Amino acid sequence: MSVLVTGGAGYIGAHVVRLLQQEGTDVVVVDDLSSSIASRVGESPLVELDISAPDAERVLAEVMREHQVDAVIHFAAKKQVGESVQRPLYYYRQNLGGLVNVLDAMEAAGVRKIIYSSSAAVYGEPEEAVVLEDSRTSPINPYGRSKLVGEWIMEDCERAWGLKWVALRYFNVAGAGWDDLGDPAIMNLIPMVLDRLERGEQPRVFGDDYPTPDGTCIRDYVHVRDLAEAHIAAMRALDGELSHHSYNVGTGQGASVKQVVDAVGAVSGLDTTPVVEPRRAGDPPKLVASPDRIADDMGFRSSTGLDEIVESAWSAWQAGPRHIDV
Ligand code: NAD
Ligand code: WQD
């Protein structure tokens with residue numbers, strides 16, 4: 001048996017690849033290296049391919065047959081919310097075109113199991129304090145829509161040819177499981193704070209007048225190593241009967257922007273006094289996962305706290321290699 005990991009050189013994918021390698025599972029990675037580097041994959045075979053390219057489904061099916069692939073873990077996608085608003089068709093082509101090619105190849109090669117990277121972005125701006133999987137899905141940008149439509153496409157394939165699928169809706173992924181696997185992009189809060197500090201600048205806080213205890217936005221930060229373990233749990237669970245398809249991956253605990261910035265200060269010993277800037281468009285005040293469904297159905301719970309997440313991000317940041325321009 002082997003597992004095909006698309007996007008396996010990326011931030012989250014490389015963690016899953018390493019966990020699979022450590023447990024002795026054969027892995028083959030498909031990645032176009034558009035936002036990553038090959039060395040993150042280690043010893044596993046890497047096929048360099050843009051999965052959204054017109055001929056990709058044929059190559060993917062060949063890879064699946066050659067490596068006797070039993071399950072796919074599908075990370076490869078573009079993930080910049082702002083860019084998705086500017087270039088919606090590019091996002092649909094990459095994220096949905098890529099998924100359709102992967103599914104087409106799976107049907108052709110007789111591979112039936114897929115774990116899919118979905119996102120809290122499918123919920124948009126929820127009204128609930130804690131988001132359940134049955135909360136209304138109402139994405140507010142093309143990136144979030146592409147993730148939700150991806151779930152619908154897999155539902156259709158289940159009906160048509162028996163696809164077995166799980167969508168993991170990640171909340172705010174952060175930290176590093178190993179120093180060489182830190183987040184290579186400077187797109188999210190913790191890398192952005194570290195980047196500003198490295199330049200000798202103050203971290204920025206986008207709005208401190210939200211209806212939250214300290215006025216800054218609250219998010220659910222999940223350690224990337226825990227998230228990687230959720231994929232292993234989901235892959236095992238797909239061998240049995242699951243009562244649901246979509247699962248939040250978060251901790252159920254919220255942390256504010258100020259708390260995150262303070263945690264970086266405590267871990268690094270640097271002065272992290274922030275500069276407060278205006279609110280960023282489209283930021284919900286509070287987004288926290290209900291983590292119970294995945295705990296009940298798969299026995300997975302993420303409990304790593306903010307301090308440990310920030311410590312691991314800081315350690316990987318210092319170890320380098322630094323970010324990759326995307
Ligand atoms: P990442 O950019 O580090 O990894 C994506 C990987 O996919 C990269 O190695 C990239 O080179 C590859 N890739 C991109 N487009 C490709 C294509 N067309 N063909 C082949 N390879 C391609 O991102 P990540 O943070 O590891 O995210 C992985 C997945 O998780 C994505 O689907 C993303 O939308 C989703 N997600 C991420 C977060 C987060 O906070 N990082 C949150 C929710 C969901
Ligand atoms: C977190 C909070 C910012 C930088 C995004 C995507 C979401 C998912 C996870 C992929 C917000 C604030 C940030 C800074 C700040 N990704 N902030 N100063 O927006 O919650 O979620 O990543 O699926 O779809 O939207 O994450 O890390 O950008 O921001 O004050 O320098 O930190 O305003 O409140 P976000 P983030």
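Four salt bridges are counted between domain 1 and domain 2 in this predicted model. One of the salt bridges pairs Asp 180 with Arg 18, and here the closest N and O atoms sit 2.8 Å apart. Arg 18 turns up again in the area figures: together with Tyr 11 and His 223, Arg 18 belongs to the trio in domain 1 that loses the most area to domain 2, and the three account for 17% of what that side buries.

As for how the chain is divided up, the domain assignment puts 2-173 and 222-249 in domain 1, while domain 2 gets 175-220 and 252-319. The C-alpha centres of the two domains are 23 Å apart, and the contact draws on 42 residues from domain 1 and 31 residues from domain 2. Putting domain 1 and domain 2 together buries about 3,300 Å², with carbon and sulfur atoms giving 60% of that area.

Now for the side of domain 1 that touches domain 2. Five elements each supply at least two residues to this side: the helices α1 (11-22) and α7 (224-237), plus the strands β6 (164-170), β10 (221-223) and β11 (246-249). Helix α7 gives the most, with eight residues. Sorted by class, this side of domain 1 holds 22 nonpolar residues, 11 polar ones and nine charged ones.

Three strands make up an open sheet in the order β12-β9-β14, and the pairing is mixed. At the edges lie β12 (255-256) and β14 (286-287), each of which pairs on one side only. Strands of a sheet pair through backbone hydrogen bonds, in either a parallel or an antiparallel fashion. Strand β9 (residues 218-219) and β12 run antiparallel and are joined by two bridges. Within this pairing, Ile 218 stands opposite Ser 256 of β12.

Methods:
Residues numbered from 1 in each chain as written. Chains lettered and ligands numbered in written order. Predicted model: local features only at pLDDT ≥ 70, side-chain atom pairs only at ≥ 80, totals over all residues. Heavy atoms only, no water. Domains from an automatic or database assignment. Contact = heavy atoms within 4.5 Å. Buried area = accessible area lost by both parts, 1.4 Å probe. Salt bridge = Lys/Arg side-chain N within 4 Å of Asp/Glu carboxyl O. Helix = DSSP H or I, 4+ residues; strand = E, 2+ residues; numbered from the N terminus. Nonpolar A, V, L, I, M, F, W, Y, C, P; charged D, E, K, R; others polar. Pairing = 2+ DSSP bridges.
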